[in-house]
Amino acid sequence: MRSHRRSRLLAPFLLVPLTAGCFSSGGGDDSASGDGKDGDGARLRVALAFPPAENLSPYGADATLLSRLGVTEGLTALDANGSAAPALAESWRRDGDKTWEFTLRDATFQDGGDVTPAAVAASLTRATEAKPAPAALAGVTLGVKAGGDRVVRVTTAEPDPVLPLRLSSPSLAILSAKAYEKGNGRVDPVGHATGPFELTEVNGATSASLERFDDYWGGRAQASGIDARFIADGTARANALRTGELDIAEAVPVAQAASLDEKTRRDTATTRTTSLLLNASSGTFKDAGLRAAARAALDTSVFAKDVYEGYGDPGAGVYGPAVTWAEGKRTAPVGRAAAKKPGDGGTITLATYDNRPELPEVAQVVKQQLEKAGFTVKLTVREYSRLEGDALDGKFDAFVLARNTLLDTGDPVAVLASDYTCDGGFNIAQLCDEGVDRAVADAEKIADTAKRQDAAMAAEARILGSDAVVPLVHQRIITGVADSVQGVVLDPYERTLVGTGTRR
Amino acid sequence: MWQRVAAAGWRTLLAVGLVCGIGLLPWLTHTDPAHTVLKARSAEREPTPEVLADIRQQLGIDGGPLHVLTGWLGGLVRGDAGQSWISGADVLPDVTRALGASLLLMGVALLVAVLTAGLICARTLRLGARRRLGGRRAGGSLSAVLASLPEFLVASVLATVVGVQLGWLPALGWYGPQWTVLPALALGLPAGAVLGRLLDDLLPGAFGEPWALAAAARGLTGRSVARQAVRRCVPALLPNLGLFVVGLTGGAVAVEQVFDIPGLGRTTLQAALAQDLPVLQAGTLALVLLAALATGATRVAARLLTGPALRDGALSSLHRPAPPAGGVLPLLYGAVLLAVVGAGLARDPLALDTGQRLRAPSPDHPFGTDALGRDLLARVGHGALDTLLLAAAISAAALLVGVLLGLLPRVSAPLVDTVNALPPVLVALLVTAVAGSGAATPALAVGAVAWAPLAAHTSSLLRQERATLHITASKGLGAGRVHLLRHELLPAVVPPVLRHALLRLPGVALALASLGFLGLGAQPPSPEWGLLLAENQPYAERAPWAVLAPAAVLALLGALAVSAAGGLRQPVLRRRSRAVTEGVDGAERRSAAATEKEPAGAR
């Protein structure tokens, strides 16, 4: 009787081996492993904020993830000043209006093959055929051909002065032919890219393992590999860094920054600007005078200092300090209307989204400042995907938006064209102004980098003059880096994080 | 037999209706799935018409909802649940993996919950075994406080304090047994508190039954009497236990987020937001199946525990002996709550001063300030009215619906399981699809779920009550169904269910706030309590007071509700006893009177 009862009590423990399948694989026990393996470079433990959304397809947002971990590279890269720098292409030149010639460097794919012009042409052609097209290729028709021993010729249907910038986009990374063998439009970057680290294992949206690629053209990386984990919750990332489970934690939320040691948190200016967009084609803010009144009512200094706790710079224009050339070329806003006194224009709807925790706070401060100036404001906060459609349809009078100002192409004019022109695809401000359209169209035609930048700033002055956008903060991104780690690449364009020199 | 077939048919009908409802969701809510899928893949991509058209073509949703739905159902018959619209990966392995992690988490959480419930009942059990329960004041403030703690708060405190600062257990991930402890505690403590409270409510009645006296007289040990008392009460709780099992499996989103657990809650939440229908349908079906299994298991367990007595109508009523009135506790709690709200109402809840952000409590700001420098006392005070009125109204409606549907267990039981198995955001989306996003939608969405545990509780109590001797006696004396219902069944069932509803009141307030991100419910800068908790959660470690203040008033509300409910028993019981005596005459009167006396004798 007694023994029978005891065995009944023990029965549940028979289930223990079964539960092993319910845990995540990878991670956890690898903190000790890899120390001093190969005599140099321990493995890095990195937490990324966004898990792979599309099975690591290079044509969507996962491309950034691949490039941040040093897996993929394109023909070109962005340098600190936002111009194109050599990557897989050593050099390039323009051949006529519509053709560019890129000269490749000696490089090998992680699966052993050489990076030949034919392979590059095939890889880029795949990208042009992808549906939906990669954002960097939106509205562009591209033809790529091998043009000699080490030369790739890229031809565009329309003259494209920013093609080298465009090719720096992570979604135009070069992969070997084997990456495309799965068919069905699926692309598999595991083991088929060219960067200093090679993906070896991906555990769904939980974690990934990477090994150093010893034949990398830029020299062997110092770390012997990377254990990447995808942790969506910002507090969880910060906690993991504090317990020593991680070496690098991407994008620590402002609210959690204070919980990290001062030495562990590194902040970098980014190209993200949080702005207040005012609906210029319907409702209260159709009146330029009222837009001017709203702009004048805002005290933008408190946003960077208080809401962003100093991890931001006060809004100066469309481009922030991360766009290094912008400050020196900025001119005063053109054509501002005189501020009117707000009458009984009814209630203004101010909308924002809560995917970034600071935005509802910013919106509440904006609401109070506008109310002090005599506006009546109603606030709407939703999840972004439930809000964007209404915002693009102009259903709100005002919108607080955090926007990356150097989109996938790295071209400063692109954001102006999409956000502030009549035909723009992302015109939440509903701005349709002849002067702005003309200034942006002028800038789009210029090939010379410096002159293009001048023209972009002239267009920015027009846009700011319309008061349809009030820049509030230029965000800084906080990366948590453990004391022992050196050489983390803090990139304002958020395209790289781990490089050949990163080690612990 | 045909009843069982009918029940199975009804259950299948519900599941099919649900899957179809999900399949039609985008078209009912007029939200383009191509758009939400695009945003889930890449938030920054511009939704140009070309991109959206490509995605529609890729997903095969050009043909309209029926085409999509029949295609998916056809695949399901062949064991293929389709591909995720977001990632293109096969749904079945992903959902199975997530379900595995969630089931394991739920299992450990259930263990914690049972232990917690045991601790809560320990005192009653000890006293009851020694037959010293009489005259004991209804306690339970502690369990009520525990039950009203929001899971995410417990989770973040455990992660920060135990995981990070003390370093005793891993704070993050899902790699082995030691990783399960903290998340299971966060889930199991509040759930265990509710279960323990319900059990503690029933135990005195069991100890007051004649068998307990007889057993004690015959010299059985207190331990075995206590064991039998638990066995006597557990069947009434089993349906609720089953609901917890399913609810914890699919609804542990907050805990999964804090501890980074790849569970089903997060999977379905993401799928619901992105309208990734194949994943959402597969996840929901898995949960509904689990619910059916859990119900079956609880029914079998209940039959094993009280089967013969239930069949032969040989139970006695589980009325606990009337305790002394609630005493000063509810008055005390009420006074504190009123004082806080009163003090807060005199202040401005909306005045921002970002220079004063996250200040610790001081004479100027007795509860400190939040992340925008607003006075927390003011916000707590001003939020009270909205929160309490709405939550109380929803709870009252849920109680009414729960009791009414609980009276019709054959209709309601499958409905209860199904509703309870659904992820809350999915319920909200479905309600929005039907009712539009009006002012009443959040209340409807929360109410649509809140009645389920109450109905389950009602019908399980009812099943026991129907099997009691005094009902048989009343029937024998010719009492009609209406009479039985009005004078016998309802008076016995309603008080415990009412106490249950009160126990869940804080949870209703929290559920309301959790819908905010869909644009439903209170919007900032409203000081509604659930919203206060949510907006201050990121600052929980730096400015604990900002979370503690709203959590404390919610807990106070829970304690007040439970302790005040203790005083509600007496009048109901008295009326009932009169009714019984009126309906009975002659020799039977003696037995009825004896039934009534037994509890008194037990004191």
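The legends below describe close-up views of a predicted model. Local features need pLDDT of at least 70 and side-chain atom pairs count only at pLDDT 80 or more, while totals for chains, interfaces and linings use all residues. Residues are numbered from 1 along each chain as its sequence is written, and side-chain values use heavy atoms, with hydrogens and water left out.

**View 1. The interface of chain A and chain B.** Contact (heavy atoms within 4.5 Å) involves 64 residues of chain A and 66 residues of chain B. The buried area, meaning accessible area (1.4 Å probe) lost by two parts on being put together and summed over both, is about 5200 Å². Carbon and sulfur atoms give 53% of that area. On the chain A side, Phe23(A), Gln364(A) and Arg386(A) lose the most area to chain B, together 14% of what that side buries.

**View 2. A salt bridge between Glu309(A) and Arg357(B).** The N to O distance is 3.0 Å; the rule asks for a side-chain nitrogen of Lys or Arg within 4 Å of a carboxyl oxygen of Asp or Glu. Eight salt bridges are found across the interface of chain A and chain B.

View 3. Strands are DSSP runs (E, at least two residues), numbered from the N terminus. Strand 4 (residues 89-95) of chain A runs antiparallel to strand 5, joined by six bridges; Ala89(A) has Leu104(A) as bridge partner. Strand 7 (residues 151-156) of chain A is also antiparallel to strand 5, with five bridges, and Phe102(A) is partnered by Val152(A).

Conventions:
Chains lettered and ligands numbered in written order. Pairing = 2+ DSSP bridges. Helix = DSSP H or I, 4+ residues; strand = E, 2+ residues; numbered from the N terminus.
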